[in-house]
Amino acid sequence: MPQLARRMGRAKPSAIMAVAEKAKALKAAGRDIISFSIGVPNFLPGPHVYAAVREALDKDSGQYGSNRGSDALLDAFLKHAEAVGLGGYARKNVSTGIGAKHVLYNLAEALLDEGDTIAYAVPYWTTYADIADICNAKRLELPCPASQNYKLTPAQLDAALATKPKIFVFNNPNNPTGMAYTQAEIEALAAVVVKHPDTWIICDDIYNRMVFDGIGYHNFMHSQPSLRDRTVFVDSLSKTYGMPGWRVGFMLGPETVAQAVTVLNSNHITNIPEVITAAAVAALTGPQDIPARKCAEFQAKRDQVMAVMDAIPGLVCPKPEGAFYVFPDVSFAFGKRHGDLAIGNDVELCNALLEAKGVACVPGSAFGAPRALRISYTCPTAQLPEGLRRFQEFFAELQ
Ligand SMILES: Cc1ncc(COP(=O)(O)O)c(C=O)c1O
């Protein structure tokens, strides 16, 4: 009997998707479920995006397209990047993919040989670990607990980069913690990064339009332009424009890297489809009021969620400044019970919360942080207070 490749023994289905599927099944069975699980922005793109799609359908060429992305798409993205202080690049510095996840996968294939090391902060977005495992790379995980606001310190980064990992992936604002780095914090980290020339830097900054409290979006390359030689900025339409299912992601960086990703596209996907490209161009170049409005709305929702987190005795929750997640440390509840359900860890806690209150959250262990759970607070505005009420009630009922 032929066997699957060894790499499949290391590949796991996405842990976040598993929770979402369970919540969906309970809902289909008639349970009243409020989902704080999957990280979707829960809004649709503006009418100009749909108008562009209709027009593209009318004049569809039906042909294969560019492996890098159409010129219109590359130009639109270059302008978009310029707006966050990453100007001065050309088309040859850009490549695209079927979402940022695909771009990150291509980057791993382009930059990592088997046995190379990829470093990143913990809690981490699950895919970094999954990609490392599939590529047979070593993971260098840098623990950033709630006690340090889930943020990487310069000393920690210095020690990690001194071991010369091939890639350092940095995610700001962060999924799952929602933390965003201030300008001073980014400058301090950039001053460390610049001292270690053997490591590629990938800034997975797909939430760069969702930063709260006026702290702004900051990138290592802003204070250390020389890092452009080995830093890749990753972006996506998914969260900014309410287009997760449209699957368009980007990279901006050194020409050699953009070329490598384009070669992989030529082997994997050939091109982003013409109609999707039209939607992407319209989103990037059209009115930007929806992302701005959504950012303000998410900030207000963050405040609603934090008011409840702060009111639960024992729960520790650094206040996030971006994206749409909060990541409370709920370890004070381990060893307690909810009714008949024993709570020994984050997975049991999330199961009990779903069973008892119909509230779906993702266990922190999916992000390498089993003391916590992730709340994604983009559910319909009317549902949020009820979900939070149930969440608070659950913790009050623990024995
Ligand atoms: C930090 C981070 N990077 C990348 C992605 C992937 O986004 P995309 O939908 O563009 O594949 C996500 C999606 O949740 C994310 O949270």
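How many residues does helix α11 have, and how far does α11 reach from its first C-alpha to its last? Helix α11 (residues 274-285) has 12 residues and reaches 16 Å, close to the 16 Å expected at 1.5 Å a residue; the expected span is 1.5 Å times one less than the number of residues. Keep in mind that this is a predicted model: local features need pLDDT of at least 70, side-chain atom pairs count only at pLDDT 80 or more, and totals for chains, interfaces and linings use all residues. Residues are numbered from 1 along each chain as its sequence is written. Helices (H or I, at least four residues) and strands (E, at least two) are DSSP runs, numbered from the N terminus.

**Helix α11**
- Most of α11 is covered, with 9 of its 12 residues buried; buried takes 20 or more other C-beta atoms within 10 Å of a residue's own, exposed means 12 or fewer, partly exposed is in between, and C-beta atoms are placed from the backbone.
- Among the buried ones are I276, V281 and L284.
- The buried residues of α11 pack against α3 (47-58) and α4 (71-82).

**Two domains**
- The protein splits into domain 1 (7-44 + 290-396) and domain 2 (47-285), with bounds from an automatic or database domain assignment.
- Their C-alpha centres are 26 Å apart.
- Domain 1 puts 35 residues into the contact and domain 2 puts in 33; two residues are in contact if their C-beta atoms, placed from the backbone, lie within 7 Å.
- On the side of domain 1 that touches domain 2, α12 gives the most, with 5 residues.
- That side of domain 1 has 22 nonpolar, 6 polar and 7 charged residues. Here Ala, Val, Leu, Ile, Met, Phe, Trp, Tyr, Cys and Pro count as nonpolar, Asp, Glu, Lys and Arg as charged, and the others, Gly among them, as polar.

**The core**
- In the largest nonpolar core, which has 124 residues, L107, V234 and M251 touch the most other members. Such a core is a set of buried Ala, Val, Leu, Ile, Met, Phe, Trp, Tyr and Cys residues joined through C-beta atoms within 7 Å.
- Both domain 1 and domain 2 give residues to this core, so it lies between them.
- Leaving aside neighbours within four places in sequence, V234 has contacts that include A100, L104, I202 and M251.

**Around the ligand**
- There are 13 residues around the ligand, and G99, A100, K101, S236 and S238 come nearest; a residue is near if its C-beta atom, placed from the backbone, lies within 6 Å.
- Helix α5 (residues 99-111) gives the most to this shell, with 3 residues.
- The shell has 4 nonpolar, 7 polar and 2 charged residues.

- Most residues other than glycine have a negative phi, and most peptide bonds are trans.
- The V122 to P123 bond is cis, with omega near 5°, and P123 sits in the loop between β3 (117-122) and α6 (126-134).
- Another cis bond runs from N172 to P173, with omega near -10°.
- N42 has a positive phi, near 60°, and counts as partly exposed because it has 17 C-beta neighbours inside 10 Å.
- A323 also has a positive phi, about 55°, but A323 is buried because 30 other C-beta atoms lie within 10 Å.
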